[in-house]
Every structure is written in structure tokens, then in C-alpha cells.
Amino acid sequence: MRFATFLVFFVLLAFTASTPAQIFSTGEVILLDTLTPAGGGADHVTVAINSNGDALVTWSSALYPFPSLDSVYRRVEAQFFLRVGKVKWMTGARVTLGEGIEPAGSPVYPFGDICRKPDVVAVGQNFIVAWTRLENADNGNGRIESAFVEVPNTLGDAIYHTESLGVGYPIANADSRQSGLMPDLATDPSLGNDTAVVAYAPLLEIRTTGTGLGKSYNFDLLACIIDYSQGGAPQVSTPQILDTNIGFDLYPDGNGGNQEELSGGKILPDCVFDSQGNLVLVYEEFRRYYSVNPMASEDFGRIHVRRYAINAGSFITLDTATIFGNEHTHPQRRPNLARTPSNGLITLTWGEIEPVYGTSDVKQADLDFLSFPPQIIEEYIPPGVNTDELLPVPFQFEAYHGMVMSLQPEDFGRLMPYRLAGFPFWHPTPALTPYKPWRAALDVLEDDTANGRSGRGLLALTFEGRVNDELRTYFVLRQL
């Protein structure tokens, strides 16, 4: 693929939002269907593309308008897009996989259920989805749920398999406080058909560290294997603790104290398989100086990199590494990985946050586990001027590695530029600006030969945007 081809994807897309269409083509942006009412919001959208070029998009949405207290109840929704030609797709019906349920209904937990922040992975022709169900209470009750999405061999919508209507198959119970339990899925042919790994990070403990200092927030990192190959409820391996006492403490307030507790996810594991069939996992840690023994002289943030062989459901550590950013005292946040089949290297992106004021710069590196010893090849990216660079998502296609990020320039709203490794500039996507794009997710079908497009690929991109200033989710496919 020539550089100009990639440029065409982001710059020349016909970004025209629409309601779900019966038939659509590459380049058309789809406003995803949702049950959320006017005044509510849909967010945390993610996407996977299967071996046929079909796509499944999942997201979470509010049951009630904001700022109602009941808007905390959220559901997980999904929509399937069936390929019906080389560059034509058919829109499937929106379904609810995980329903948010109030106490007056029939919730899993007594104080009501919140379903949110799904992830999805293609397993050959089919898909596996995972999300968090947590109780609407500060008691730590939560679990990972999953659905299997079957793509039939005849033209038609996907078939969704869950334990019951609006309730996924339970995978693992865990304390959902602080980290949000945000699951991440990855798959590899070595696991077998319709099988994936899920990683997640529950709260371990909140510990008082010393008078006038603050609390220490400690988490576990776990993973297990979800196997749908036998039909019905999945076979789930015993969750294995891969790391423990991972810290994510409160940010400093600039006056020697602490800010309030951060909302949103923490630890945020992300995983892919390398070219040798081993699991590569990254996650974040941020420690205040007072949380370690002996007490440190300064705070520190870092990204952990781990690689595991998997044997009979057990994760066996092969390699470990730690990445610090330009400023060791700053949180290194939201690591993401990508690898397509033609690549031996794995692309890693993350953000470095200035903790007091919240400004951010994005980082990129390639992980080379084929060299001995393994290497981390950093792609040095100069920081932006008067901007917040956030939520970077990596991509690969053949020899090209890069990232899409969410950019919040001063006084200009939100943008979504992209960058190719080795090129010292960002490419804008000005047609996206009216939608205030945010929090991209993407997946790549690198080899589309089986669908009559030799040497070509497909990229599926989702993002959050605005409709009448209300948060909604979007989806677009593009030829590579």
C-alpha cells in the first residue's frame, strides 16, 4: 500500500452521518442505532472485523437522560454489519447484550445493575464480546459477562448467544470499584476455534498509608480463556493472577496533597498475540511517593509489558519490561496494542499526563520479541503546542505502523488526526470536526484476497461524536 492510499482514507472520506441504512458502502459514516433516549448518551464504542469483512460494533448507552440520577444505569448494545459485496454492507438490527436493570426489575444484584464498557474480538468468522456488569452500590459487586455472536453461512443478521435476554454468560466475579473492570479480549488460532483470552483488573485493596499522606489503591491483574467451541455456555478456564499490588493512586493537587478520586478505568490492560502465538499484555501503574516502602523521593508512572506462553489454560511468563515516559513522575496512561498478521513487531501507544493540570502527550513504540533480547523501539513524537493529545489507538497495515488520537486543541473543540511512524507530521481529518470526534477504536482486515480484493485490506473505525450536542457513536469502513 502506498503512503498516498493511507492518506486518502483519513482525508477524503465522505463523512456524512446517517441513520442506519439498509445497504451502505465504504466511506459512509453510520450513526449507530441506540435505545438511549433524547438527553442520554452512548459511548465507549469498539469494533472488530472478521475474516469475511463483516463487522460487529458494540458500545454502552444510558437508560435515562442526563443529569437524572438514574442515568447511571447503562446497557451494552451491539450492531452487526454483513458484507454483501466487495464494498457493500447490510446493516443488522441493534440488540441489547447486557441490560441495565433497576432494583424494581429483576437485576443480578439487589441494588440494580449497570452494564458498560464492552470489548469485542473476531474469532474467525464469529465474534466474542465481553463487558462489565456491576452493582449500583459501593460494595464492589461486579463480574465480567460475555456473549457469542454467530455469523451464519447464509445471508442474514448475526445470531446472538447470551445466558438470557439482556444477561451475558458470567465469566468471573471481581471487585469493580475504582478500576471499572474494563475487559480486553484477544485471540489467536493456537487457542482453537471460537476462543479468546480476556484480561481484567479488579480492586485488591485500599490501604491507609500514613497520617496526612493519603490512601494507596492496589489492583490485581487476571486473565482467563473463554471457549465457545462446544456450543452453549462457554468453557472458562480458572482465572489466573498475572500481577498483584499494582498501584494507581490519586493524582497530586500541586500543593502537596491529593486530588479527588479519578472517575473512569484504571490499570486498563490491553492484549494481542505475537507472531509466535504468545500473549502480549500491557497495563498502566501510577504510584505516589508515599505508597511504597521505603518511601520514595518522588511519584512515578509506568507502563508494564508482559509476554506469556499459554499451555492448557495456564499463562507462563516469558518476558517482562517496564516503560517510563519523558517525565517519570507523570502518569503513563491507556496503553493500546496492535498487530496484523504480516507484522512481527507489535505497535504500542499510550498517553503521558501532566497530573495537576491534566494536559497530555501521546507516545508510540514498537515491541520486537523476535530479537534477542527483546527490544522496545520508541517512535519519538514531539509534544503538541496548546493541545491535549489523548486516547491514542495504534494501527498496522503491511509495513505501516501508526496511531489515531483524540486531539483537544485550545479553543477549537475536538479533532481526530492520525500519524504514520517514520513521518514527522500529523494528518488532519477536517471533515470529522463538526462531530467533535473522540475515543477512536479500530480494527484491520489486512488481507482481503478471499473477497476478490488481492493485495488490499479494510479498516473499520468507530468513534464517539455529537448529535445536537448529545453523545452518540459512529462507524465507518474504508478500503486500504
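**Terms and values**

Modeller: The protein has 480 residues, for which a compact globule would have a radius of gyration near 23 Å; the value here is 21 Å, which agrees. The radius is taken over C-alpha atoms, and the globule rule is 2.2 Å times the number of residues to the power 0.38. This is a predicted model, in which local features need pLDDT of at least 70, side-chain atom pairs count only at pLDDT 80 or more, and totals for chains, interfaces and linings use all residues. Residues are numbered from 1 along each chain as its sequence is written, and side-chain values use heavy atoms, with hydrogens and water left out.

Colleague: Why is I23 called partly exposed?

Modeller: Buried means under 20% relative accessible area, exposed over 50%, and partly exposed in between (1.4 Å probe, protein chains only). I23 has a relative accessible area of 40%, and is therefore partly exposed. Buried residues make up 56% of the 480 residues.

Colleague: What makes a set of residues a nonpolar core?

Modeller: Its members are buried Ala, Val, Leu, Ile, Met, Phe, Trp, Tyr and Cys residues joined through side-chain atoms within 4.5 Å. The largest such core has 29 residues, with L242 and F315 among those with the most contacts inside it. A second, separate core of 21 residues includes V393, F395, Y400 and L459.

Colleague: Which residues is L242 in contact with, leaving aside neighbours within four places in sequence?

Modeller: Contact means heavy atoms within 4.5 Å. On that basis L242 is in contact with L221, L222, A223, L281, Y308 and F315.
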